[in-house]
Amino acid sequence: MSDGVAGQLEHLDEVTSALEELAGTVGNTDDFGVLLRVVCEQVVRVVPGADMASITVLDGTGARSVAATDERAALIDQAQYADDDGPCLRAARTGQVVRVAVSTARQLWPGFVEVAAGHGVASYLASPLQVRDEAMGAINLFGFGEHGFRDVDQKYLELYATVVDAVLHLSRRALRTQEQVRHLRTALRTRGVIEQAKGILMAARRITADEAFQLLVGQSQRENVKLHTISARFVSEHTGHAVEPDDFTAE
């Protein structure tokens with residue numbers, strides 16, 4: 001087996017290892033920002049010649065960097081956002097990989113080139129990435145070497161970005177499910193304490209459930225306090241058992 005082939009196989013092992021670690025991160029965190037930072041850190045390992053990485057998200061509010069391995073990468077991104085053009089924005093908007101040697105990109109993106117060269121970046125590679133359901137983005141690689149990135153580097157990034165797209169999609173779905181479960185739990189707890197308050201009022205005043213509910217709603221409106229907070233306070237006062245309103249909003 002030639003040294004070149006052996007080296008490629010060894011690097012594929014590195015890619016596989018990085019993807020396995022990424023999958024492990026998804027299972028161990030519900031912080032989407034942490035996941036994006038891990039993607040940046042790992043893609044530098046995955047793509048030869050990459051020294052820094054960042055992730056751009058482009059939505060209705062504009063463009064911004066949501067993760068980066070180095071402050072210099074974020075500053076180079078910011079120069080592109082200020083000009084509303086540059087390789088990362090081109091990748092996000094067109095859905096196409098952008099690969100440039102910084103020294104040859106001055107005519108297209110003078111602002112980007114000036115800032116990138118000022119931070120010692122000579123090569124740049126960006127691939128589109130579906131960062132959020134409603135927004136496209138890009139994963140951006142910065143190289144200090146003048147290699148301009150190679151075809152094989154681009155293939156590694158495209159492979160990694162394809163898998164990351166799927167991982168981020170699954171993570172977003174999982175986070176939405178967790179959020180829905182939290183809302184459901186809160187709703188059930190809230191309903192429970194309101195029903196308790198209604199029951200106490202019905203027994204004490206010999207009124208119907210609707211009448212008890214209207215009394216609670218009226219008190220809520222007069223004090224400009226949420227209904228479940230009024231109910232929790234009422235239950236606490238009449239049972240001697242503390243019911244904290246925060247219990248219904250902490251999750």
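Aspartate 153 is tucked away: it counts as buried, with a relative accessible area of 2%. (Buried means under 20% relative accessible area, exposed means over 50%, and partly exposed is in between, using a 1.4 Å probe and protein chains only.) Keep in mind that this is a predicted model, where local features need pLDDT of at least 70, side-chain atom pairs count only at pLDDT 80 or more, and totals for chains, interfaces and linings use all residues. Residues are numbered from 1 along each chain as its sequence is written, and side-chain values use heavy atoms, with hydrogens and water left out.

**Around aspartate 153**
- Aspartate 153 belongs to helix H6, which covers residues 151-205. Helices (H or I, at least four residues) and strands (E, at least two) are DSSP runs, numbered from the N terminus.
- Skipping neighbours within four places in sequence, aspartate 153 is in contact with Val47, Pro48 and Leu125. Contact here means heavy atoms within 4.5 Å.

**The chain as a whole**
- You'll find 8 helices and 5 strands in the chain.
- Starting at the N terminus, the elements go α-α-β-β-α-α-β-α-β-β-α-α-α.
- The chain has 251 residues, and 40% of them count as buried.
- Take the contacts between residues at least 6 apart in sequence: 60% of these join residues at least 24 apart.

**Alanine 135**
- Alanine 135 sits in strand E5, residues 135-143, and is buried with a relative accessible area of 2%.
- Leaving out residues up to four places away in sequence, alanine 135 touches Val57, Leu58, Asp59 and Gln130.
- Alanine 135 and valine 57 are 78 residues apart in sequence, yet their C-alpha atoms are 6.6 Å apart in space.

**Cysteines**
- Cysteine 40 is buried, with a relative accessible area of 0%, and cysteine 88 is buried with a value of 0% too.
- Searching the whole structure turns up 0 disulfides, a disulfide being a pair of cysteine sulfur atoms within 2.5 Å.

**Helix H7**
- Helix H7 (residues 209-223) has 15 residues and reaches 21 Å from its first C-alpha to its last, close to the 21 Å expected at 1.5 Å a residue. That expected span is 1.5 Å times one less than the number of residues.
- In H7, the buried residues include Ala212, Leu216, Val217, Gly218 and Ser220.
- After H7 comes asparagine 224, with a positive phi near 55°.
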